[in-house]
Amino acid sequence: MRYAILADIHANLTAFEAMLDDVERRGGVDRFWNLGDTVGYGPDPNECLDRLSKLEHVSVAGNHDLAAIGKISTIDFNPEAATAASWTGERLNAEARRYLATMPLVIENGDFTLVHGSPRDPVWEYLVNAERARANLGHFKTRYCLVGHSHQPMVFEADENDDIRLAAFSDDRRLELGEKRLIINPGGVGQPRDGDPRASYAIYDNQAKSITLHRVTYDIAAVQSRMTSLGLPRRLIARLSYGV
Ligand code: ZN
């Protein structure tokens, strides 16, 4: 079986479609594992949820998904994120709202635990350094954990003493799955933040026991002009060009 691992679509349908086309070009997958923040920031929340619902998939909820349906407060969001969250909340149709409300915070699938932020705090924690990764090892039972939220592709590898090695997860890098516990972030589809504006996702092949990262170019200008005409915050529009 082959699985696409994706996170942080952030209501960017153009990036999402480009990613789905890339999956098809690479022979397709059997299932999609979505790590949350399907909405928030971008111009197409209903469209992204509708597209996702047509795929064979599972999905956890992210902080932006929960904020958009009023399940968490946006008091800790930066001003642009809070503006985008309330814009998203007003725009969501009933079906999209219902669908977001059903998404769990944690999914266990065989050797994998899927969360948005981290296993100990699926909604808020950013797993961006070895210290935090180590502190989370006791919070999931499976060998591997998949996270999103930081929008930065990276891999944390734990040795037998739970010491963590942090490695970048770069384009077309193939990660072999072995005995070691791993925490893996496939990067963000709709708003990458590692300085590379291309959409980011990964494909897991359970026969080959490997996960490979892929980056995909998409029409950023088209998304930016939709955001401009909808009056979304300027900083959110600009950052798509730089991948920050
Ligand atoms: Zn996000």
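**Ground rules**

I number residues from 1 along each chain as its sequence is written, and I use heavy atoms for side-chain values, with hydrogens and water left out. As the model is predicted, local features need pLDDT of at least 70 and side-chain atom pairs count only at pLDDT 80 or more, while totals for chains, interfaces and linings use all residues.

**Zinc site**

D8 (OD), H10 (NE2), D37 (OD) and H151 (NE2) coordinate the ion at 2.1 to 2.4 Å. Along the sequence I read their spacing as D-x1-H-x26-D-x113-H.

Then I checked the geometry. The angles among the 4 donor atoms run from 86 to 176°, and the site is irregular.

Are D8 and H10 buried or exposed? I use buried for under 20% relative accessible area, exposed for over 50%, and partly exposed in between (1.4 Å probe, protein chains only). D8 is buried at 0%, and H10 is buried at 1%.

**Aromatic pairs**

I paired rings of Phe, Tyr and Trp (its six-membered ring) with centres within 6.5 Å; planes under 30 degrees apart are stacked, over 60 edge-to-face, the rest tilted. The count comes to 7 aromatic pairs.

I took Y3 and W33 from the list. Their ring centres lie 4.4 Å apart with the planes at 40°, so this pair is tilted. It links distant parts of the chain: Y3 is in strand 1 (residues 2-6) and W33 in strand 2 (residues 31-34), 30 residues apart. Strands are DSSP runs of E, at least two residues, numbered from the N terminus. Y3 is buried at 11%, and W33 is buried at 3%.

W33 also pairs with Y204, tilted, at 5.9 Å centre to centre and 35° between the planes. Y204 is in strand 11 (residues 199-205), 171 residues from W33. Y204 is buried at 10%.

I noted one aromatic cluster formed by Y3, W33, F112, Y144 and Y204.

**Charges over rings**

I asked which rings have a charge over them (NZ of Lys or CZ of Arg within 6 Å of the ring centre and within 35 degrees of the ring normal). The charged end of R181 sits over F140, 4.1 Å from the ring centre. That of R239 sits over Y41, at 6.0 Å.

Terms used. Donors are N, O and S atoms within 2.8 Å of the metal (3.2 Å for Na, K and Ca); water is not among the atoms, so sites may look incomplete. Four donors count as tetrahedral if all angles lie between 85 and 135 degrees; four count as square planar and six as octahedral if opposite donors are over 155 degrees apart and all others between 65 and 115; anything else is irregular. Helices (H or I, at least four residues) and strands (E, at least two) are DSSP runs, numbered from the N terminus.
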